[in-house]
Amino acid sequence: MSLASMQRALADLLRSPDSIVADAGRAALAEGLASASDRLTPAMQLDIYREQFFLRHLDVLHEDFRSLAHRLGDDAFEALAKAYLNAFPPRSFTLRDLGAELPAFVASTAPWSTDTLLADLARVEWAFVEAFDAASEPALDLAAVVSIPEEAWPSARLVLQPSVRRLSLRHPAHDYRHSIRNGEPVAGPPEARASFVVVFRGRLALEHIELEAEAFALLGELAGGTPLGEACERVAASSGATEEAFQEKVGAWFQRWTALGFLSRVELAR
Amino acid sequence: MSYRARHAIPDLGVGVGFRVPHYEQVLDERPPMDWFEVISENFMVAGGRPLDNLARLGEAYRVVPHGVSLAIGSVEPLDAGYLSRLRELVDRLDPPWVSDHLCWGRAAGLHLHDLLPLPYTPEAVELVVERVKRVQGTLERPFALENVSSYMTYRASSMTEWEFVSEVAERADCGLLLDCNNVYVSARNHGVDAERYIDAVPADRVVQMHLAGHTDKGTYVLDTHSDHVCDEVWSLYRRAIARCGPVATLVEWDDEIPAWEVLAAEADRARRMRAEVLAGESA
């Protein structure tokens, strides 16, 4: 058997959720690859690796999605992990990427898709994973901002820090996650409530804040590259607020976002 | 001239792995330690706290990257993206060598995230030798392969593990990271002579040694890095140092990680033992 054939056969055997020892067909495959020792049959030898494959990846998913695991309980989370690893076996060199598809998997796969809180928790947890090691851009240079002429602002584009993640949730899953991660007691699942959350890497640590719907929408327009003037017009049109009242709000939002470090730079139209 | 002399491989003394529970203490207090090893993949990221921590660590200590995902023995092509990011990390750290494992871990487009042993065959030797040369060409840095713990015996193997390790190292002209605990674990699991293994490895190519604890599962020994180094592994380490000379040594502790003081004491023990053996050699 060639080395390539051996590696393909082993890859199939080792990522199986079920024991090789207990399956005569796969035990026979193991016999073809390995020879028995005085204490372990070939199937027992390969089961050591197979068990480690599952435990290693379960540990990573558990750590990255701790609030989801808490909500489900250990056995149900293990069942989810098995189904997920079967559907999305690891393809990245880094275990950091292991859970990338879990939010979409939970949202689209029964029985987990029937409880929308689970998908919200998965999305919030993954946003924190992404924000943790996202690239860093220099912070917004306030001196440069002050020097921008007033007429240049409507066509200017505001660039967000790469760590900023926006989440429109059906439940306050961020609060639930915060409680679980900080060892605080939770009475039960939170009541459904539309929540607009930003996860980001602050100056000292990962953080999250909840925004009002209009601010969240404006941030989304800016993240998508819409020039400031057009972004404000779009959001103002759907808000029903007077222009003056809306401008006042926008000013307050920008002050807060700047203080939180959301913004990286202002790109002026040429 | 020996491999170590040709590449001016320094003896860094005795270090430990840089692990999360100790980050704050190490970075804030800078306790005495000869050097640190970091898991390469944990720092092959775009930004954020990992790179900040690495920069702070590098300000105070010598840091050597040790990879777990290169999959040098996989038949699938080397991952060019991975190598490029590893090169970035190497440029950032400027280490005296870079290491990974003599194993495979990728197949059928998947990463198994394990250090799977290779069959000890001429085909595997050819594959690894060719790939090590490409890795060394990309990294432009001395590259060392670590012997892994194993729990399976391939029917296809036609040589001993130490013959396989030696042939790969000689033909690829690379360094070796001799993990004394892995030698012990594999020897116990396969009923071979660990001392004979230590005696057979090309001593001049050993650029670093690893020490770690393991777990006895009854019918086999599992490489868990979750305990003190056992007496038998200390004995192998003595033998290895006597044979290889002053080689940088690292204590690994990755699970059930103890307080910094416990880990530092384990490194102290290695340092004393190493000094005793080397003093005996020179006497």
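How many residues does the contact take from chain A and from chain B? It takes 37 residues from chain A and 36 residues from chain B, where two residues are in contact if their C-beta atoms, placed from the backbone, lie within 7 Å. This is a predicted model, in which local features need pLDDT of at least 70 and side-chain atom pairs count only at pLDDT 80 or more, while totals for chains, interfaces and linings use all residues. Residues are numbered from 1 along each chain as its sequence is written, and chains are lettered from A in the order in which they are written.

On the side of chain A that touches chain B, α1 (3-14) and α3 (42-64) each supply at least two residues, helices being DSSP runs of H or I with at least four residues, strands runs of E with at least two, both numbered from the N terminus. The most comes from α1(A), with 8 residues.

In chain B, helix α5 (residues 122-139) has 18 residues and reaches 26 Å from its first C-alpha to its last, close to the 26 Å expected at 1.5 Å a residue, the expected span being 1.5 Å times one less than the number of residues. Its buried residues (20 or more other C-beta atoms within 10 Å of their own) are B:Ala124, B:Val125, B:Leu127, B:Val128, B:Val132 and B:Val135. They lie on the same side of α5(B) because they cover an arc of only 160 degrees around the axis, taken from the directions from the helix axis to the C-beta atoms. These buried residues pack against α1 of chain A together with α4 (80-93), β7 (143-146) and α6 (161-172) of chain B. The face turned away from the buried side carries the exposed residues (12 or fewer such atoms) B:Pro122, B:Glu130 and B:Gly137.
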